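Please read the following note beside the sequence and the model, taking the points in order. Each point takes up one part of the fold.

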Amino acid sequence: MEFATYVTMDLETGGVTVDCSLLTAYFGFLDAEMNLLEGLSLEVKPNDGKPYVVQADGLSVNKIDIIEHDKVAISQSEAGSKLMLALKKWAQNGAIKLIPIGHNVQFDILFIYEHLLSKKHFDQFVSYRKLDTGPIAQFFKYCGIIPANKSGSLESLAETFGVQFKDRPHTAESDAMMCVDLLKAMKASITINQP
């Protein structure tokens with residue numbers, strides 16, 4: 001069986017604070033060349049019939065219809081169990097640590113800790129070292145590879161590097177896979193001087 005090296009991830013939430021509801025999540029397990037081995041897509045609702053906590057500006061960005069979402073969503077507990085099984089499988093039961101990929105991925109990780117898996121359980125399988133397109137873009141601005149006045153949003157970076165979203169922006173799967181394509185394009189843009 002093949003094992004993963006990276007896990008690309010994105011979450012869509014009901015707002016920007018961790019007390020808001022987690023709504024959708026996507027985890028793409030990737031090999032060393034960043035080829036997708038398997039994806040896990042989750043539609044999530046609060047446990048035990050608790051109410052959703054959402055903010056209008058959060059839903060205006062991701063365009064999630066809560067009523068339709070609730071018809072197909074599974075509980076946080078069930079979603080956490082599915083994520084745990086996938087992490088165990090692709091990280092050789094914790095023998096390796098998957099490197100997380102995302103855009104400002106620490107935000108997503110904090111939501112995972114709050115809504116899906118405890119820090120202790122998640123950190124068994126996922127490294128604290130990250131490939132994050134947000135800080136990489138800031139470094140590229142510093143180096144003059146990206147204009148200093150260019151936005152650091154995922155959409156802006158995709159445009160800068162000529163990468164197309166597979167679906168509309170602000171869906172968990174589309175954004176997660178865009179980060180992979182963007183990292184590849186960023187790497188390709190670098191000229192490495194070798195002695």
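1. β5 (99-102) and β6 (131-132) pair in the parallel sense over 2 bridges, where two strands are said to pair if DSSP finds at least two bridges between them. Helices (H or I, at least four residues) and strands (E, at least two) are DSSP runs, numbered from the N terminus.

2. Before going further, please note that this is a predicted model, in which local features need pLDDT of at least 70 and side-chain atom pairs count only at pLDDT 80 or more, while totals for chains, interfaces and linings use all residues. Residues are numbered from 1 along each chain as its sequence is written, and side-chain values use heavy atoms, with hydrogens and water left out.

3. The open sheet is formed by 6 strands in the order β4-β3-β2-β1-β5-β6, with mixed pairing. Its edge strands, each pairing on one side only, are β4 (74-75) and β6.

4. Helix α3 lies across β2, β3 and β4, and runs at about 165° to β3; such angles run from 0 to 180 degrees between N-to-C directions, with axes fitted to C-alpha atoms, for helices over the stretch in contact. Helix α8 also packs on the sheet, touching β1, β2, β3, β5 and β6, and its direction makes about 140° with that of β1. Contact here means heavy atoms within 4.5 Å.

5. Which residues of helix α4 (residues 105-115) are buried? They are Val 105, Asp 108, Ile 109, Phe 111, Ile 112 and His 115, where buried means under 20% relative accessible area, exposed over 50%, and partly exposed in between (1.4 Å probe, protein chains only). Seen down the axis of α4, these residues fall within an arc of 160°, so they line one face of the helix; the arc is that of the directions from the helix axis to the C-beta atoms.

6. The largest nonpolar core has 29 residues, of which Phe 27, Phe 29, Leu 87 and Ile 112 touch the most other members. A nonpolar core is a set of buried Ala, Val, Leu, Ile, Met, Phe, Trp, Tyr and Cys residues joined through side-chain atoms within 4.5 Å. Helix α3 gives the most to this core, with 6 residues.

7. Two single residues deserve a look. Ser 174, in helix α8 (residues 172-188), is buried, with a relative accessible area of 4%. Gln 92, in the loop between α3 and β5, counts as partly exposed at 32% relative accessibility.
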